[in-house]
Amino acid sequence: MRSMQWMALALGLALAPAFAQDGAGPGGAVLTRSDVEAFSDGLVPLGIAQGDIAGAVVVVVKDGQVLFEKGYGVSDTATRARVDPERTLFRPGSVSKLFVWTAVMQLADAGKIDLDADVNTYLDFKIPPAFGKPITMRNLMTHTPGFEDSFRPLLVGDPKSVEPLDRVVREALPLRIFPPGEVPAYSNYGATLAGYIVQRVSGATFEDYIQRHIFAPLGMTHATFEQPLPAALKADMSKGYQRASGPATPFEMISMAPAGGLSASGGDLARFMIAHLQGGAYGAGRILSPETAVRMHGVAARPFSALPPMAYGFYHADRNGHPIVAHGGDTGVFHSDLELILDADTGVFLSLNSAGQGRAVSILRGGFMREFMNRYFPAPSAAPLPTLASARADGEKLAGAYVASRRGDATFARILNMFQPVAISRNADNTLVVSTLIDAAGTPKRWREVRPFVWQQVNGRSLIQAKLKDGAVDQIGMGDVGPILVLQPAGLVAAAWEFYLFAFTLGMLSLTVLFWPVKAVLRWRYDRPLALSGRARLLYRLTRVVALIDLVFLAGFPLAVVAFSEQLAALPPSIDWLFRGLQVLGLFAVVGTVVPLAEFWVAIRDPARPWWTKATDLLIALAALATVWFAFSQNLLTVGLRY
């Protein structure tokens, strides 16, 4: 049933281009309020109905005015309160970062922040040196500080457990796994650190600075970074839902507030978009000088020559020949996108208050803006590019397993990389398939080489590009937005054989633990006592105990993350006890490896034992050794907990 619903939504979006051409001139349909309303009404209600989404808000601004704003569905399924685009507050997630970067540019314009200075200059603690390079504000704004990813400090369940920003940035400081400026890897911590620098340099709290220098000048009366919400705004806050058919989730407390703690109405975000499109001004209010606004939307970094660049905090999402700066945002349940079409003085904001079912949210978010552009700003026709003669050889270089640069690597979160590698394969016609790049119907997209190490989507315009180092693939940039992450070769710890070894280990340990009581019952049932005594009997039993410890230890980490992923915001302030408990088991597992090894040694020297029991003891010993390998290669035993 769900797949049929997703297909219905995908079909609606697939038909949108045909609808988009109805009455359109050579340059596309005329962007009017009535036309946008008809367009939006044709897509959004279908998406929220099929996706089990409670409500949504859509805002379009044009030439310094709100062209269209509308709420869809409800903000509270219990009271059936309708979404009011001017009053109903949504949680736009990482769209919050745009307010951080705007504040940074304000302070840079005032000469208080140098975008290329060591950020330690502005801090009251020190980021330890690494790679021989300092981290700069430009690195933070382009997501190239080199931090590994972490999610533990982002969301908290108890409002009383939200710590002050100065404590958050100290305690949540991630390890650095890349040289600054070299590898794009999206970083919530980086934006939070920038927010703390705004606080340090300005002398005001981050929340107060944004209120005084952005919200107030723009008349944003339904926007706040305060958590919990001020009493005056609580009644206007939309509930958030995993599914509209289920219960509301608690208000999501975000400890890294600058990275995603904003609550705002669609109408207030319209004011913010207009200010950015109008050279930093909205009416009589101004938040940026015209020169700084232009600079902020320009190019701060271009890691890939064929792909959109990074602006200063915004990422470029250029499409159909138009320069676009944008940012998406996700909390556990809210999902949003904000895009500014710079050469058309047009901005679009879409937000959903539910995670929805299946792929409905991603289909609606991606499809709405794509079809908006196709309708009002269609791409000029272009002749198809020929496939290069080097497509086979270059495709073979790309074929393999990759991991995203945004990852936990120096902590036990590394084990998750083993379960989610990105596979790139070459087809017989020398096109490529990337396992994570699929269309709205769930069909893998195909890519053909149109320039050296640049592939274009078949029947599309999206590009992927590979960067080589010493003749081998080093990074792959993908998609239609500026590089906030890249793919890197999986390497040793996320190679395919690692997954198979892990599966073998868990399988062998599971069988050992399962058959231990089964065999005991069978021996009792048929009066066949265990044919071992003394030290051999003790080693047999201890080997099974060690297998149980190994099994819980190895399976516990990924199972805990999967089990708690959707409930992260509702958890107590810390579930460190769970992971610490698993690490204690891990210590016993490492030390206990001597037991199955001793059991195997005794078994092969005992001529009375049948060969199959010796083979079983060998496999158990190998599984125990593999457990030790995973304990250290996947960083499961670490002093700190920075997952």
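Leaving aside its neighbours within four places in sequence, with which residues is T331 in contact? T331 is in contact with R91, G93, E252 and I254, where contact means heavy atoms within 4.5 Å. This is a predicted model, in which local features need pLDDT of at least 70 and side-chain atom pairs count only at pLDDT 80 or more, while totals for chains, interfaces and linings use all residues. Residues are numbered from 1 along each chain as its sequence is written, and side-chain values use heavy atoms, with hydrogens and water left out.

**Confidence**
- The protein averages a pLDDT of 89, and 91% of the residues score at least 70; pLDDT is the predictor's confidence in each residue, from 0 to 100.
- Over residues 1-26 pLDDT stays under 50, and for this stretch the model has 42 contacts beyond four places in sequence.

**The sheet**
- An open sheet is formed by 7 strands in the order 3-2-1-16-15-14-13, with antiparallel pairing; two strands pair if DSSP finds at least two bridges between them, and helices (H or I, at least four residues) and strands (E, at least two) are DSSP runs, numbered from the N terminus.
- Strand 3 (81-82) and strand 13 (315-316) are the edge strands, each of which pairs on one side only.
- Strand 1 (residues 55-62) pairs with strand 2 (residues 65-76) in the antiparallel sense over 8 bridges, and V66 in strand 2 is the bridge partner of V61.
- Helix 10 (residues 266-277) lies across strand 1, strand 2, strand 15 (335-341) and strand 16 (346-352), running at about 30° to strand 1; axes are lines fitted to C-alpha atoms, for helices over the stretch in contact, and angles run from 0 to 180 degrees between N-to-C directions.

**Around T331**
- T331 is found in the loop between strand 14 (324-330) and strand 15, and T331 counts as buried because its relative accessibility is 11% (buried means under 20% relative accessible area, exposed over 50%, partly exposed in between, with a 1.4 Å probe and protein chains only).
- The backbone nitrogen of V333 lies 3.3 Å from a polar atom of the T331 side chain.

**The cores**
- The largest nonpolar core has 79 residues, of which F99, W101 and M137 touch the most other members; such a core is a set of buried Ala, Val, Leu, Ile, Met, Phe, Trp, Tyr and Cys residues joined through side-chain atoms within 4.5 Å.
- Helix 3 (residues 97-109) gives the largest share of this core, 9 residues.
- Apart from this core lies another, of 34 residues, among them A56, L67, M310 and L350.

Methods. Polar contact = N/O pair within 3.5 Å; in protein donor to acceptor, adjacent residues only side chain to side chain.
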